[in-house]
Amino acid sequence: NRMEQDDDWRVRRAAVQALGELGERLPPEAVAALINRVEHDSEWEVRRAAAEALGKLGERLPPEAVAALINRAKHDQKVDVMVVYMAVEKLGERAPSEAVAALINRVEN
């Protein structure tokens, strides 16, 4: 699939953005592919686009996606803290304390 295999990062980013347009209608296998891009893509713009696409899942955001977003917020200054904030906000009381701590850490630093 283009999102994971294309050598051109712009093609991968476009594929990720197209999936993001599906929002809460995103199928589980596409969620898994986005998590993979957040965690492993070599290009920061693809990682950011994947994080933004995951942030659009709202209540459907799975725990493993939250973990991937938290990890990127901790270790990748290119992933916008607002993406993690949106995910935490949509999760509401279900948001893990680690996600809230990662947000606080990014704001303070």
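These are my notebook entries on a predicted model of one protein chain.

**Ground rules**

I am working from a prediction, so to keep myself honest I note that local features need pLDDT of at least 70 and side-chain atom pairs count only at pLDDT 80 or more, while totals for chains, interfaces and linings use all residues. I number residues from 1 along each chain as its sequence is written, and my side-chain values use heavy atoms, with hydrogens and water left out.

**Entry 1: the overall fold**

I started with the secondary structure and found seven helices and zero strands in the protein chain. Read from the N terminus on, the elements run α-α-α-α-α-α-α. For my own reference, helices (H or I, at least four residues) and strands (E, at least two) are DSSP runs, numbered from the N terminus.

Next I looked up burial: of the 109 residues, 43% count as buried. Here buried means under 20% relative accessible area, exposed over 50%, and partly exposed in between, with a 1.4 Å probe and protein chains only.

I also looked at contacts, where contact means heavy atoms within 4.5 Å. Among those with a separation of 6 or more, 65% come from residues 24 or more positions apart.

**Entry 2: helix 2 against helix 4**

A reminder to myself: two packed helices are described by the angle between their axes and the distance between the axes. Helix 2 (residues 9-20) packs on helix 4 at an angle of about 5°, and the axes are 9 Å apart. That makes the two helices roughly parallel. The axes are lines fitted to C-alpha atoms, for helices over the stretch in contact, and angles run from 0 to 180 degrees between N-to-C directions. Angles under 35 degrees count as roughly parallel, over 145 as roughly antiparallel, 65 to 115 as roughly perpendicular and the rest as oblique.

Which residues make this contact? From helix 2 I listed W9, R12, R13, V16, Q17 and G20, and from helix 4 E45, V46, A49, A50 and A53. Sorted by class, the contact has six nonpolar, two polar and three charged residues. In that sorting Ala, Val, Leu, Ile, Met, Phe, Trp, Tyr, Cys and Pro count as nonpolar, Asp, Glu, Lys and Arg as charged, and the others, Gly among them, as polar.

I looked at Q17 of helix 2 on its own as well. Q17 is partly exposed, at 40% relative accessibility. Its C-alpha is 10.0 Å from that of L34, 17 residues apart in sequence.

**Entry 3: salt bridges**

My rule is a side-chain nitrogen of Lys or Arg within 4 Å of a carboxyl oxygen of Asp or Glu. The count comes to five salt bridges.

One of them joins E45 and R13, at 2.4 Å from N to O. Since E45 lies in helix 4 and R13 in helix 2, the pair ties together parts that are 32 residues apart in sequence. E45 is partly exposed at 23% relative accessibility, and R13 is also partly exposed at 23%.

Another joins R37 and D41, at 2.7 Å. R37 is buried at 8% relative accessibility, and D41 is buried at 4%. Salt bridges that share partners join R12, R37 and D41 into one network.

I also noted R10 with D8, at 3.3 Å. R10 is partly exposed at 46%, and D8 is partly exposed at 27%.

E43 sits in the loop between helix 3 (28-40) and helix 4 (44-55). Leaving aside neighbours within four places in sequence, E43 contacts W9 and R12.

E4 is in helix 1 (residues 2-5) and is partly exposed, with a relative accessible area of 33%. Not counting residues up to four places away in sequence, E4 touches R12, A33, N36 and R37. I also looked up E4 and A15: eleven residues apart along the chain, their C-alpha atoms are separated by 9.0 Å.

L22 is in the loop between helix 2 and helix 3 and is partly exposed at 31%. L22 and K56 are 34 residues apart in sequence, with 8.6 Å from C-alpha to C-alpha.
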